[in-house]
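Subject: The structure we talked about

Hi,

Here is the structure I promised to pass on. Please open it alongside this email, and then read on.

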Amino acid sequence: MPYKAPVRDLTFFLNEVLEIDRYTNQAGFSDVSSDLVGQILEEGAKFAEEVIAPLNRVGDQEGCKWDDGKVTGPTGWKEAYLQMVEAGWPSLTCDPEYGGQGMPAIVGMAFGQFTAAASPAFSMYPGLTHGCYEALHANGNPEQKAKYLPKLASGEWGGTMNLTEPQCGTDLGLIRSKAVPNGDGSYAITGQKIWISSGEHDFTDNIIHLVLARIEGAPAGIKGISLFVVPKFMVNDDGSLGERNSLKCVGLEHKMGIHGNATCVMQYDDARGWLVGQENKGMAAMFVMMNEARLGTGLQGLAIATAAYQAAAEFARDRLQGRSLTGPKNADGPADPIIVHPDVRRMLLEAKAIVEGGQAFVLWTALQADLQRAEDEAVATKARDYMGLITPVLKAYLTDRGFHAASLAMQVHGGSGYTEHFPASQYLRDARITMIYEGANGIQALDLVGRKLPANGGRAIMSWFADIDAYVAEHGGNEAIRPFIDGLAESRKALQEGTMWLMQNGMQNPDNAGAASTDYLHIFGLTALAYVWAQMAVAAQKQIDAGSTDPFYAGKIATGRYFVERMLPDVGAHLRKLKTGADVLMSVPADAF
């Protein structure tokens with residue numbers, strides 16, 4: 001079965017759970033209705049299913065080709081990218097001042113789930129470009145915005161971010177790329193950057209690189225890093241392209257997955273670049289793009305899981321093997337389809353619960369991104385707090401669980417999944433990188449416990465607890481969905497207990513915080529999914545109580561029950577491990593490994 005975009009799942013959460021029509025008084029929502037969003041997603045689904053998805057296997061098999069600095073994408077990819085630009089999809093959420101359509105982030109994140117599932121490698125080209133657009137939109141000067149944003153918004157030009165170097169990844173304070181003033185407002189940028197997604201390709205006439213480098217004489221470490229915009233081709237005052245800049249792709253990485261995306265080694269040799277924002281404030285400016293990329297990576301991990309689950313469910317319905325433990329279910333056939341077996345259903349339901357819960361978590365978070373622009377400062381502040389708190393959770397938890405779902409999908413396929421005759425292998429290989437890039441998941445966990453929890457005196461986590469408490473109090477009397485509400489309340493209690501343990505033990509010994517961080521993040525992730533599953537259960541039960549016989553609503557309740565009864569109890573194990581502290585890890589001498 002080809003990939004099928006989950007339009008109904010997303011519109012259910014948007015319209016019946018979040019009730020987005022309530023937000024017409026918020027910035028970005030005034031001209032947006034649920035009907036319009038539904039139309040956008042229907043058309044977006046067609047584009048993802050009919051144009052992008054057929055290219056996914058082609059990209060995996062062919063990959064990109066490098067020839068003396070030039071990179072060619074897989075067969076049909078350039079044409080599909082140009083179709084995307086022609087249809088206006090890259091500009092969906094961009095500022096109308098620069099040619100964008102001004103849709104809310106929540107609409108872009110919904111459409112992004114479709115493209116990333118259809119082909120994660122393909123979706124990275126417009127995804128990185130949009131991140132570049134956002135960073136320049138937030139930090140560029142008026143001249144830079146006028147020069148670059150219209151073509152970035154439309155997707156006519158590509159965009160990248162250049163952080164990593166051979167000697168440093170996470171610790172960007174070690175970068176060696178240098179910037180020397182040219183005396184005319186520009187800088188000469190020299191250095192090598194590695195693992196640059198979409199760094200070179202043949203889809204666009206120009207590629208706008210955002211590059212971290214150190215101006216001569218700048219302070220050591222992270223405090224001395226600046227951000228520069230470095231175009232592949234110079235841009236003249238009239239918007240036309242000028243001479244080629246002195247930068248090039250000197251090679252492509254040979255990777256486990258996402259073969260269709262060009263992962264480049266970029267060499268800058270006195271390339272002309274222009275400072276973005278202030279000197280030595282490059283990390284703050286780049287964080288706009290990095291946070292966007294982290295949300296996009298969480299979405300990508302979830303989207304791959306969605307496609308992998310769909311393929312596994314189809315295989316399980318068709319594959320005949322053995323007989324049901326309770327008697328034949330396909331009496332006229334030689335065997336029963338494997339979907340009759342309890343353990344196969346366990347794997348499918350686990351993946352389904354991750355996928356549908358994750359879809360809702362992404363959209364809930366995207367709404368917070370939109371509410372950051374609210375005129376009510378209290379609403380905007382709360383949304384900004386949540387974005388800071390939730391971003392590392394969404395990135396790490398959804399990519400971890402997305403890979404797990406892709407692994408379950410391969411297991412459902414059995415030996416067939418380990419071959420290249422079925423898509424399970426590609427989904428598993430493509431999913432693995434999501435746990436590593438844009439900040440490895442262990443780094444996300446450290447960011448959560450070390451920076452995000454204590455920010456503003458813990459204001460964000462306290463607000464999160466208060467929102468959950470209010471929701472539990474509001475719906476605690478609804479007997480039909482009591483397991484969901486009780487499960488949410490218990491998970492919230494465990495999260496608070498873990499938070500208090502970190503406060504009491506992490507400050508005394510930072511290794512305790514480090515040792516507990518991943519388990520804490522997983523408790524947080526499970527609580528977040530419990531929250532959105534409770535919301536979906538309330539909305540679905542409301543329709544059932546009103547007399548609806550649509551199996552969609554009963555299906556939501558059934559899948560949610562699996563999450564509550566078979567997955568949410570993992571909170572207890574994570575809390576118990578969290579409390580063991582660092583001693584069991586740090587007491588082992590390094591030479592014992």
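Below is what came out of going through the structure, from the whole chain down to single residues.

A word on the ground rules first. This is a predicted model, so local features need pLDDT of at least 70 and side-chain atom pairs count only at pLDDT 80 or more, while totals for chains, interfaces and linings use all residues. Residues are numbered from 1 along each chain as its sequence is written, and side-chain values use heavy atoms, with hydrogens and water left out.

The whole protein

The protein has 18 helices and eleven strands; helices (H or I, at least four residues) and strands (E, at least two) are DSSP runs, numbered from the N terminus. Along the principal axes, the C-alpha atoms fill a box of roughly 80 × 60 × 60 Å.

Of the 593 residues, 57% are buried. Buried means under 20% relative accessible area, exposed over 50%, and partly exposed in between (1.4 Å probe, protein chains only). Among contacts (heavy atoms within 4.5 Å) with a separation of 6 or more, 73% join residues 24 or more positions apart. As for charge, there are 50 positive and 68 negative side chains, and the centres of the two sets lie 4 Å apart. Here Lys and Arg count as positive and Asp and Glu as negative, without His and the chain ends; each charge is placed at NZ of Lys, CZ of Arg, CG of Asp or CD of Glu.

Strands and backbone angles

Which residues have a positive phi although they are not glycines? Asp68 is one of them, at about 50°, and it sits in the loop between strand E1 (65–67) and strand E2 (70–72). Asp68 counts as exposed because its relative accessibility is 57%. Trp195 is another, with a phi of about 60°, but this residue lies within strand E5 (residues 187–197). Trp195 is exposed too, with a relative accessible area of 53%.

Strand E8 (residues 233–235) pairs with strand E9 (residues 241–244) in the antiparallel sense over two bridges; strands pair if DSSP finds at least two bridges between them. Phe233 has Arg244 in E9 as its bridge partner. The two strands form a hairpin with five residues between them, and Gly239 in the turn has a positive phi of about 90°.

The helices

In helix H12 (residues 441–452), the buried residues include Gln444, Ala445, Leu448 and Val449, along with the charged Asp447 and Lys452. Their cover includes helix H8 (282–318), helix H10 (377–413), helix H14 (482–505) and H15.

Helix H15 (residues 510–545) also holds Asp519. Asp519 is buried, with a relative accessible area of 13%, and beyond residues up to four places away in sequence it touches His574, Lys577 and Leu578.

Leaving aside neighbours within four places in sequence, Tyr471 contacts Ile485, Leu488, Tyr531, Ala534, Gln535 and Val538. Tyr471 and Arg22 are 449 residues apart in sequence, yet 18 Å apart in space, C-alpha to C-alpha.

Best wishes
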